[in-house]
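Q: Please take a close look at the aromatic side chains in this structure.

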Amino acid sequence: LCAELTASPYLPSQTITKSLNSKAYLLLKHQPWRCFAVFISLCNGYRDLRVHLYDHSGGVVSPCTNIDKEPDKYLHIFSCIVFGNLECIGFDSTISI
């Protein structure tokens, strides 16, 4: 899991997005046991949370979750990532290295 932080609002053309795209490419290229990669961005004064999901075909970005207005959703996202099994963060269970 990788997280990017910025105080400015999220824009798809922003450096934070380009950085996540590059990290996802490198992660999927060098870890063949991954089906997908999950990233998180915190923007707009660290209040807006987005989940970025990349696989070998490309990436998608979730709608914005405001941490102040939707604390339950924020906790649910982090709980799934932290306490979920390895398949929740992209590892392929059929491959053992």
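Is Tyr 74 buried, partly exposed or exposed, and why?

A: Tyr 74 counts as partly exposed, because its relative accessibility is 24%. Here buried means under 20% relative accessible area, exposed means over 50%, and partly exposed lies in between, with a 1.4 Å probe and protein chains only. The model is predicted: local features need pLDDT of at least 70, side-chain atom pairs count only at pLDDT 80 or more, and totals for chains, interfaces and linings use all residues. Residues are numbered from 1 along each chain as its sequence is written, and side-chain values use heavy atoms, with hydrogens and water left out.

The structure holds two aromatic pairs. Rings of Phe, Tyr and Trp (its six-membered ring) pair if their centres lie within 6.5 Å; planes under 30 degrees apart count as stacked, over 60 as edge-to-face and the rest as tilted. For Phe 39 and Tyr 54, the ring centres are 5.6 Å apart and the planes stand at 80°, so this pair is edge-to-face. Because Phe 39 belongs to strand β2 and Tyr 54 to strand β3, the pair ties together parts 15 residues apart in sequence. Both Phe 39 and Tyr 54 are buried.

Tyr 74 and Phe 78 have ring centres 5.0 Å apart and planes at 65°, so they too form an edge-to-face pair. These two residues are four apart in helix α2 (residues 71-83), and therefore about one helical turn separates them. Helices (H or I, at least four residues) and strands (E, at least two) are DSSP runs, numbered from the N terminus. Phe 78, at 24% relative accessibility, also counts as partly exposed.
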